[in-house]
Amino acid sequence: AAALRAESGATHALAVLVSLEEGADAGGRVAIGVVDPAGAAEREARLVGNRDWVRLGAAELGLDVLRRRLLGLPVGETVDFERR
């Protein structure tokens, strides 16, 4: 996210990386980073379900982390579709 922000010149940058696990419904790991003028925040999660569900969940979680960061809220709270 820091490299994206620096390269683009944007005030904020969001990066979402997904690592799908083997198997049709195995789930996957998600790493999220957000950078703004105040610094950086990162978040990791494990999502369960099929590949499409994990991809959609990763996008939703990434946007939620950005929303929380913009509002000054903690980014590490567990969401209902996440396993820790």
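The model is predicted. The protein chain has an average pLDDT of 91. Of its residues, 94% score at least 70. Strand E1, residues 13-20, has the highest mean pLDDT, at 96. Strand E4, residues 82-83, has the lowest, at 69. Where pLDDT is low, the predicted coordinates should not be read in detail.

Now look at the strands. E2 covers residues 28-36, and E3 covers residues 39-47. The two run antiparallel, joined by 9 bridges. Together E2 and E3 make a hairpin, with 2 residues between them. To see the pairing, find Ala31 and look across: Glu44 in E3 stands opposite. Keep one general point in mind while following either strand. In a regular strand the side chains alternate between the two faces of the sheet.

Next comes the core. Which residues make up the largest nonpolar core? There are 12 of them: Val30, Ile32, Val34, Ala41, Ala45, Leu47, Val54, Ala58, Leu61, Val65, Val75 and Val79. E2, E3 and helix H2, residues 51-71, each supply at least two residues of this core. H2 gives the most, with 4 residues.

Pick out Val54, one of the core residues. Leave aside residues up to four places away in sequence, and Val54 touches Val18, Leu20, Gly27, Gly28, Leu47, Val48 and Gly49.

Arg43 lies in strand E3. Is this residue buried or exposed? Its relative accessibility is 4%, so Arg43 counts as buried. The cut-off for buried is under 20%. A polar atom of the Arg43 side chain lies 2.8 Å from the backbone oxygen of Val75.

Side chains of opposite charge can pair when their charged atoms come close. In this model the count comes to 6 salt bridges. One of them links Asp36 and Arg69, with the closest N and O atoms 2.8 Å apart. Why does this pair tie together separate parts of the chain? Asp36 lies in strand E2 and Arg69 in helix H2, so the bridge joins parts that are 33 residues apart in sequence. Asp36 is buried, at 8% relative accessibility. Arg69 is partly exposed, with a relative accessible area of 22%.

Asp64 is buried, with a relative accessible area of 17%. Arg67 is partly exposed, at 39%.

Now turn to Glu77 and Arg68. Their side chains meet in a salt bridge, at 3.5 Å from N to O. Glu77 counts as partly exposed, at 43% relative accessibility. Arg68 counts as buried, at 13%. Which residues do salt bridges with shared partners join into one network? They are Asp64, Arg67, Arg68 and Glu77.

Technical notes. Residues are numbered from 1 along each chain as its sequence is written. This is a predicted model: local features need pLDDT of at least 70, side-chain atom pairs count only at pLDDT 80 or more; totals for chains, interfaces and linings use all residues. Side-chain values use heavy atoms; hydrogens and water are left out. Two strands pair if DSSP finds at least two bridges between them. A nonpolar core is a set of buried Ala, Val, Leu, Ile, Met, Phe, Trp, Tyr and Cys residues joined through side-chain atoms within 4.5 Å. Buried means under 20% relative accessible area, exposed over 50%, partly exposed in between (1.4 Å probe, protein chains only). Contact means heavy atoms within 4.5 Å. pLDDT is the predictor's confidence in each residue, from 0 to 100. A polar contact is a pair of N or O atoms within 3.5 Å; within protein, one must be able to donate a hydrogen and the other to accept it, and residues adjacent in sequence count only if both atoms are side-chain atoms. A salt bridge is a side-chain nitrogen of Lys or Arg within 4 Å of a carboxyl oxygen of Asp or Glu.
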